[in-house]
There are 2 protein chains.
Amino acid sequence: MVLPRAARTQRRTRIQEEKEEQILEAALEVFATHGFRGSTIDQIADVAGMSKPNLLYYFRTKETMHRALIDRVLDTWLDPLREFDAEGNPASEIRSYIRRKLEMARDFPRESRLFANEVLQGAPHIEDELTGPLKALVDEKAEVIRSWARAGKIAKCDPYHLIFAIWSTTQHYADFDVQVKAVLGEAHSGEGRFEDAARFLEQLFIGGLAVAQEPSAT
Amino acid sequence: MVLPRAARTQRRTRIQEEKEEQILEAALEVFATHGFRGSTIDQIADVAGMSKPNLLYYFRTKETMHRALIDRVLDTWLDPLREFDAEGNPASEIRSYIRRKLEMARDFPRESRLFANEVLQGAPHIEDELTGPLKALVDEKAEVIRSWARAGKIAKCDPYHLIFAIWSTTQHYADFDVQVKAVLGEAHSGEGRFEDAARFLEQLFIGGLAVAQEPSAT
DNA sequence: TGATAATTTGACCGGTTGGTAAACATTACA
DNA sequence: TGTAATGTTTACCAACCGGTCAAATTATCA
């Protein structure tokens, strides 16, 4: 009997496990560099090292494949923000959030570009994720930041724009990698790049959020 | 005689002027939202309000059209950085650079997305512009920033990463507009959004670059 | 081992894509 | 006004795209 391909009615096969993994890996590679519309199934199949009909046996449509990829990657992608701890020391929480985001930009640039492509092109496939889980998480953390500001632990500032600033500056190194490389040239573009970026961003955010020196003595 | 279409051997006609304008406007709209590969000539022709063969009479290929668009837009896009003045007051130069970039993100989001799409997908069509004119301009301005730091007018910092940070934070509001809107919700997403962003970024960069308080008195 | 289910493949299909050819329409200008 | 150059359209093409189908192959396990 020809069951609906890769049907979840039965337990998943070892082969299913492996092939779906291969496909999603290839899909990440391709979708991240060409966006959804710019990517072709043939291309993904090629990278995955299998024939197009074979790939379509596991994911019936391009959309299905894209969705599966998004679902798998989104959680990981939000982890750094989730770790943001209300109980911690504000300065060091912000510092390590920047670190984590920068590490993700360095170690998982494809994931970053996957989302960047999506959002840039109007987020036609992930709108629900943005207004749902993402917004909820950001709202929660924004409240934490606001409370720190109220307690005088960091400067008063708009928490949402702070989060946007951390996102944009860190993800820049993944999304705009070729530009960064082109501008820095061979000189600064080696290993030290991320270290330099980390140092600068730390200086920027910690300095920018330091509570203004009050005239009163310490 | 059927000259090579829109040949530049003769002076350009009024009609050529108008139609090419129409086409580039439409091309900007389409390329900015779907990237090069994701855009179709039919779509652009449709937005431009003309038939596909008619469009192809003015630009023989999709590549030609894209290149013409890039050439036209790049100069404008770099203007804010060009205005960056070595003779001015550092803090207010940085402040107004941020302003200008933010205004461009607000007023010309399509131009921003056009480049974002290109760079994100590996800059296959604009590599020369990045390593050429862009790098040259950035190198020049980086030197200015470095000299300010040496003179003790702003904190010592990596000028390249500073420029990247200004680019990314400001362009974020154009490129990731849907995400910003999704997260901010209806509440903060009206007119005031850019004002809030400007205020925050000013605070961040001016604070972050303030020369550290030396133990010596003022 | 054999039967049954799971997987893979090649051939194919209708629609879209970038682009062309040639006829037709319009403009500019002597 | 006539005619040559410019501009526009219809019909078309080959390649590509997302996806199907049925046949062939391979894995599973009683």
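A residue is termed buried if its relative accessible area is under 20%, exposed if over 50%, and partly exposed in between (1.4 Å probe, protein chains only). By this criterion, Asp177(B) is buried, with a relative accessible area of 13%. The model is predicted, and local features need pLDDT of at least 70, side-chain atom pairs count only at pLDDT 80 or more, and totals for chains, interfaces and linings use all residues. Residues are numbered from 1 along each chain as its sequence is written, chains are lettered from A and ligands numbered from 1 in the order in which they are written, and side-chain values use heavy atoms, with hydrogens and water left out.

Asp177(B) belongs to helix α9 (residues 177-184) of chain B, where helices (H or I, at least four residues) and strands (E, at least two) are DSSP runs numbered from the N terminus. Apart from neighbours within four places in sequence, Asp177(B) is in contact with Arg113(B), His172(B) and Arg193(B), contact meaning heavy atoms within 4.5 Å. In chain A, helix α9 (residues 177-184) is mostly covered, with six of its eight residues buried. These buried residues are Asp177(A), Gln179(A), Val180(A), Ala182(A), Val183(A) and Leu184(A). Their cover includes α6 (109-120), α8 (159-175) and α10 (192-209) of chain A, together with α6 (109-120), α7 (127-150) and α8 (159-175) of chain B. After α9(A) comes Gly185(A), which has a positive phi near 70 degrees.

Chain B is superposed on chain A by a rotation of 180 degrees with 0.0 Å of shift along the axis, at an RMSD of 0.1 Å. The two copies are thus related as by a two-fold rotation axis. Within chain B, the C-alpha nearest this axis belongs to Gly208(B), at 1.9 Å. The copies meet through the same surface, because 100% of the interface residues of chain B are also interface residues in chain A.

DNA strand C has 21 residues around it, of which Lys19(A), Tyr58(A), Ile41(B), Lys52(B) and Lys62(B) come nearest. Of the atoms of DNA strand C that come within 4 Å of the protein, 63% belong to sugar and phosphate. Polar contacts were taken as pairs of N or O atoms within 3.5 Å; within protein, one atom must be able to donate a hydrogen and the other to accept it, and residues adjacent in sequence count only if both atoms are side-chain atoms. Phosphate oxygens of DNA strand C are found 3.2 Å from a side-chain N or O atom of Ser51(A), 2.9 Å from a polar backbone atom of Ile41(B) and 2.9 Å from a backbone N or O atom of Lys62(B).

At least two residues of the surface near DNA strand C are supplied by each of α1 (14-38) and α3 (52-58) of chain A and α3 (52-58) of chain B. The largest share, four residues, comes from α3(A). By class, this surface comprises nine nonpolar, eight polar and four charged residues; Ala, Val, Leu, Ile, Met, Phe, Trp, Tyr, Cys and Pro count as nonpolar, Asp, Glu, Lys and Arg as charged, and the others, Gly among them, as polar.

DNA strand D is likewise surrounded by 21 residues, the closest being Lys62(A), Thr13(B), Gln16(B), Lys19(B) and Tyr58(B). Sugar and phosphate make up 62% of the atoms of DNA strand D that come within 4 Å of the protein. Two or more residues of the surface near DNA strand D come from each of α3 of chain A and α1 (14-38) and α3 of chain B. Here α3(B) gives the most, with four residues. The surface near DNA strand D contains nine nonpolar, eight polar and four charged residues.

In chain B, Gly49(B) is located in the loop between α2 (41-48) and α3. Gly49(B) is exposed, with a relative accessible area of 64%.

Definitions and conventions
A residue is near a molecule or strand if one of its heavy atoms lies within 4 Å of it. Copies are superposed by least squares on the C-alpha atoms of residues with pLDDT of at least 70 in both.
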